[in-house]
Amino acid sequence: MIGLIGRKLGQTRIYDANGVLQQVTIVLAGPNRVLQCKTKETDGYNAVQLAFGDQKLQRLNKPLLGHLKKHGVAVPEGESRQPVLLTAVRRIREFRDFSLPVKPGDLIGPGIFAPGDYVDAIGITKGRGFEGVVKRHGFRGGDASHGAKGWHRRPGAIGQRLFPGTVRRGMRMPGHMGQVRRTVQNLEILQVREQENLLLIKGSIPGANGDYVIIREAKKRPKGTVRGKSAVSAGAAAEAKPKSAAKKTAKK
């Protein structure tokens, strides 16, 4: 499964191949630096560790600096008067069973996807603060007339009588809303702009503008859809050609 770490830039509208105006979210999806390639022999499972975003050297702790040096990131030694900016090391994310052949030090971008691919977007939703039950859970609220004074947006009774006499666990009540991890599945990629490291994805993505998001290959593609000609599918087709040729020669 392939994926990237990106940053949500905002929303706009574009025309697709059929001339239909579509709402899209712009994601800065690169460059991603390959930090570590884990295998079953060394770590017990297959995974690729990617990093994204620039960061000042003085903001990184020593364990992280040691990890970066171990996997090929050029970290200057000693103190420097000039601020040093390290490229693609700010956010680190691990992707299991990565389909592309990569090695530590490689820089990958949105070119691993293609228009027509379906992806899942993972992000942290906007924080809404402390909200009541009408906004948080969609409660109807009380009547606006007929003597319903002061009960327009209240939740109503929350407990029981003598038994059990307590508030049940999980009762929908006012509280903190938002700022949780959410995944939106089956979003279609309409455009891939490799030179600008941009992905234009149809639909909405969790989070505010500027938040970090994860774009991965869709786990549940819609029925009847055809996978786009991305780098993964192209590589798989290239590997399949010699095998098919060998089968033809064997039949002859």
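A search of the whole structure, which is a predicted model, finds 6 salt bridges. Side chains of opposite charge can pair when their charged atoms come close. Three of these salt bridges are set out below, each with the distance between nitrogen and oxygen.

| Salt bridge | N to O distance |
|---|---|
| Lys 38 and Glu 94 | 2.8 Å |
| Arg 216 and Asp 120 | 3.4 Å |
| Asp 143 and Arg 140 | 2.8 Å |

In the salt bridge between Lys 38 and Glu 94, the closest N and O atoms are 2.8 Å apart. Lys 38 belongs to strand 3 (residues 32-38) and Glu 94 to strand 7, so this pair ties together parts that lie 56 residues apart in sequence. Lys 38 has a relative accessible area of 15% and is buried, because the limit for buried is under 20%. Glu 94, with a relative accessible area of 26%, is partly exposed.

The side chains of Arg 216 and Asp 120 also meet in a salt bridge. This pair links distant parts of the chain, with Arg 216 in strand 14 (residues 212-217) and Asp 120 in strand 9 (residues 118-124), 96 residues apart. Arg 216 is buried, at a relative accessible area of 14%. Asp 120 is buried as well, its relative accessibility being 0%.

Asp 143 forms a salt bridge with Arg 140. Asp 143 is partly exposed, with a relative accessible area of 38%, while Arg 140 counts as exposed at 68% relative accessibility.

Strand 3 and strand 7, which hold Lys 38 and Glu 94, both belong to an open sheet of 4 strands in the order 7-4-3-8, with antiparallel pairing. Its edge strands are strand 7 (91-96) and strand 8 (107-108), each of which pairs on one side only. Strand 7 pairs with strand 4 (residues 47-52) in the antiparallel sense, over 6 bridges. Within this pairing, Leu 50 has Arg 93 of strand 7 as its bridge partner.

**A loop residue**

Met 171 sits in the loop between helix 2 (133-137) and strand 11 (175-178). Met 171 is partly exposed, with a relative accessible area of 32%. From C-alpha to C-alpha, Met 171 and Ile 158 are 7.4 Å apart in space, and they are 13 residues apart in sequence.

**Confidence**

The protein chain has a mean pLDDT of 86, and 87% of its residues reach 70 or more. Over residues 236-249 the pLDDT stays under 50, and for these residues the model has 0 contacts beyond four places in sequence.

Note on methods:
Residues numbered from 1 in each chain as written. Predicted model: local features only at pLDDT ≥ 70, side-chain atom pairs only at ≥ 80, totals over all residues. Heavy atoms only, no water. Helix = DSSP H or I, 4+ residues; strand = E, 2+ residues; numbered from the N terminus. Buried < 20%, exposed > 50% of the residue type's maximum accessible area, 1.4 Å probe, protein only. Pairing = 2+ DSSP bridges. pLDDT = per-residue confidence, 0-100. Contact = heavy atoms within 4.5 Å. Salt bridge = Lys/Arg side-chain N within 4 Å of Asp/Glu carboxyl O.
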